[in-house]
Amino acid sequence: MARKPDARPNVSKEELLKFYREMLLIRRFEEKAGQLYGMGLIGGFCHLYIGQEAVVVGLEAAAKEGDKRLTSYRDHGHMLACGMDARGVMAELTGRIGGYSKGKGGSMHMFSKEKHFYGGHGIVGAQVPLGAGLSFADKYLGNDNVTFTYFGDGAANQGQVYETYNMAELWSLPCIFVIENNQYAMGTSMRRSTKSTTLFERGVAYGIPGEQVDGMDVLAVKAAGEKAVAHCRAGKGPYILEMMTYRYRGHSMSDPAKYRTREEVEKIKTEKDCIEHVRDLLLQGGLASEEDLKAIDRDIKALVNESAEFAKDSPEPPVEDLWTDITV
Ligand SMILES: Cc1ncc(C[n+]2csc(CCOP(=O)(O)OP(=O)(O)O)c2C)c(N)n1
Ligand SMILES: [Mg+2]
């Protein structure tokens with residue numbers, strides 16, 4: 001996953017600052033969620049996205065209004081990156097009425113029609129056919145929207161993924177399959193569970209083009225995203241992007257982490273961190289000063305603290321709400 005030296009990337013100062021701000025928001029938000037979980041304010045499952053921020057921020061930079069996205073349970077970063085309100089996400093995590101699902105969905109079950117965010121799915125791989133369904137709707141309606149269907153390396157071994165690949169290519173659906181390959185599925189490494197580890201090539205059998213991307217480099221992610229989006233919008237069918245990434249925290253909040261060494265995690269943090277990468281580009285390119293970046297850090301911290309306060313101040317749903325918003 002070595003990052004190519006790229007002293008003069010073709011990117012504006014404004015865009016680099018935007019990437020820095022968006023990735024930092026996700027990181028600080030997730031750190032705060034981790035703290036609230038430790039304090040007992042968040043119950044149930046909570047899967048943090050720390051380390052993988054460049055994937056979702058880079059791809060959102062290639063999206064336009066009307067495009068859709070959906071992902072697994074590791075979903076808070078995707079929500080923030082598509083513009084959902086940090087306060088509503090944090091309130092949902094803490095089970096409060098001000099949350100996106102009125103406090104009844106929690107970490108894995110949030111949606112936003114306004115931002116075209118279709119969840120949040122706890123069943124591994126279940127969102128993949130749903131993503132194809134969403135892109136089928138766009139094709140049927142005759143617009144040029146695409147659907148970003150995110151899933152993990154572990155999910156890539158699910159049978160339903162391949163049934164979906166077949167139909168998506170058969171019907172030329174505008175669906176971008178984004179495999180977030182963080183190298184681990186819960187407590188199992190790719191090396192232990194998977195014989196053929198080049199996941200982007202698995203579309204070959206179905207005629208779907210794919211490529212592997214340095215998912216720790218937001219600029220590489222955006223460039224690959226633009227290529228995939230152009231392919232889909234031109235009516236050429238689906239596209240697979242395998243994002244090589246890494247999660248710094250445990251699979252969920254309870255994880256004994258016996259499947260990897262501390263040194264492995266530290267090495268990636270030191271050598272590949274996506275936020276440090278953009279920070280270096282800004283500082284070394286003379287595009288921002290330490291002071292400028294500190295001011296952004298302060299703003300983000302204030303925004304995240306405000307979301308936590310909003311969540312704590314929002315009441316729990318009343319008991320009567322147990323009987324609403326349910327299907328039987
Ligand atoms: C169908 C199904 N099988 C098993 C599980 C338990 N489970 C939850 S997450 C997970 C690992 C998935 O790993 P990956 O797809 O790589 O995503 P990551 O957690 O790395 O983001 C498993 C086995 C589940 N939720 N659903
Ligand atoms: Mg994984």
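Which residues does the UniProt annotation "domain: Dehydrogenase E1 component" cover? According to that unreviewed entry, residues 22-319. Such annotations may be inferred rather than shown by experiment.

## The model

This is a predicted model: local features need pLDDT of at least 70, side-chain atom pairs count only at pLDDT 80 or more, and totals for chains, interfaces and linings use all residues. Residues are numbered from 1 along each chain as its sequence is written, while chains are lettered from A and ligands numbered from 1 in the order in which they are written.

## The annotated stretch

Over residues 22-319, the chain is 44% helix and 10% strand. Helices (H or I, at least four residues) and strands (E, at least two) are DSSP runs, numbered from the N terminus. The end C-alpha atoms of this stretch are 37 Å apart.

## Two paired strands

Strand E6 (residues 210-214) pairs with strand E7 (residues 239-244) in the parallel sense, over five bridges. Pairing requires at least two DSSP bridges. Valine 213 has methionine 243 in E7 as its bridge partner. Between E6 and E7 the chain passes through helix H8 (residues 218-233), and this β-α-β crossover is right-handed: with the strands pointing away from the viewer, the path from the first strand over the helix to the second runs clockwise.

## Helix H10

In helix H10 (residues 274-284), Cys274, His277, Val278, Leu281 and Leu282 are buried (20 or more other C-beta atoms within 10 Å of a residue's own, placed from the backbone; exposed means 12 or fewer). Seen down the axis, the buried residues of H10 fall within an arc of 130 degrees, so they line one face of the helix. The arc is taken from the directions from the helix axis to the C-beta atoms. Exposed Asp280 and Gln284 sit on the face turned away from the buried side.
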